[in-house]
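Take a look at the model below before reading on.

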Amino acid sequence: MTEEPSARLIEQRVRNRIYEILEILADCDAGVNLVGINGYFNLFDDFLHHPSIESGTSVLSKDERAIVLEITHLLEAACASTPDFTRAEFVESVWPRQIAPKATDARMLFLQRGLFSEEFDEAKPGQRFVPSAS
């Protein structure tokens, strides 16, 4: 029987998925071509509206959360300003080239701490979480 992942492990996995999304956004036009225009705009939806991220209690650092939310605002602005664009028209717009550098900065910020384990709870990337014996 498999054990259910802890809330902490789920948060770690969510952070790792956000990092993977940042890779796609950092790829500029190639990222749009990889996932399509709808995918590009909706990549973050499943993760950023996670209650722990909205409340600031996830494993994202304060700076990681801030830059990811900044990218979300860019994506929302791009979507609002180009609601009926095709993928090709969107790629030709300025938006992918405005979002890509911010996504690259976010990736670098995430890598300062590293990625978390997908298998066990960690206090910090590379440091296994040991619950206190209280």
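This is a predicted model: local features need pLDDT of at least 70, side-chain atom pairs count only at pLDDT 80 or more; totals for chains, interfaces and linings use all residues.

Residues are numbered from 1 along each chain as its sequence is written, and side-chain values use heavy atoms, without hydrogens or water.

The protein has 7 helices and 2 strands. Both kinds of element are DSSP runs numbered from the N terminus: helices are H or I with at least four residues, strands E with at least two. The order from the N terminus is α-α-α-α-α-α-α-β-β. Of the 134 residues, 38% are buried, meaning under 20% relative accessible area with a 1.4 Å probe, protein chains only. Contacts are heavy atoms within 4.5 Å. Among contacts with a separation of 6 or more, 72% join residues 24 or more positions apart.

Now find helix H7, residues 95-113. Its 19 residues should span 27 Å at 1.5 Å a residue, and its end C-alpha atoms lie 28 Å apart, which agrees. The expected span is 1.5 Å times one less than the number of residues. Trp 95, Pro 96, Ile 99, Ala 100, Ala 103, Ala 106, Leu 109 and Phe 110 of H7 are buried. Their cover includes H1, H2 (29-42), H5 and H6 (87-92). After H7 comes Gly 114, with a positive phi near 95 degrees.

Take H5 (residues 62-81) next. The axes of H5 and H7 come within 10 Å and cross at roughly 165 degrees. Axes are lines fitted to C-alpha atoms, for helices over the stretch in contact, with angles from 0 to 180 degrees between N-to-C directions. H5 and H7 are therefore roughly antiparallel, the term for angles over 145 degrees. The contact includes Ile 67, Ile 71 and Leu 74 of H5 and Ile 99, Ala 103 and Phe 110 of H7. By class, this contact has 13 nonpolar, 2 polar and 6 charged residues. Ala, Val, Leu, Ile, Met, Phe, Trp, Tyr, Cys and Pro count as nonpolar, Asp, Glu, Lys and Arg as charged, and the others, Gly among them, as polar.

H1 (residues 7-26) also meets H7. Their axes come within 8 Å and cross at roughly 145 degrees. Residues in this contact include Ile 18, Tyr 19 and Leu 22 of H1, and Ile 99, Ala 103 and Phe 110 of H7. The class count for H1 with H7 is 11 nonpolar, 1 polar and 4 charged residues.

Conventions:
Angles under 35 degrees count as roughly parallel, over 145 as roughly antiparallel, 65 to 115 as roughly perpendicular and the rest as oblique. Buried means under 20% relative accessible area, exposed over 50%, partly exposed in between (1.4 Å probe, protein chains only).
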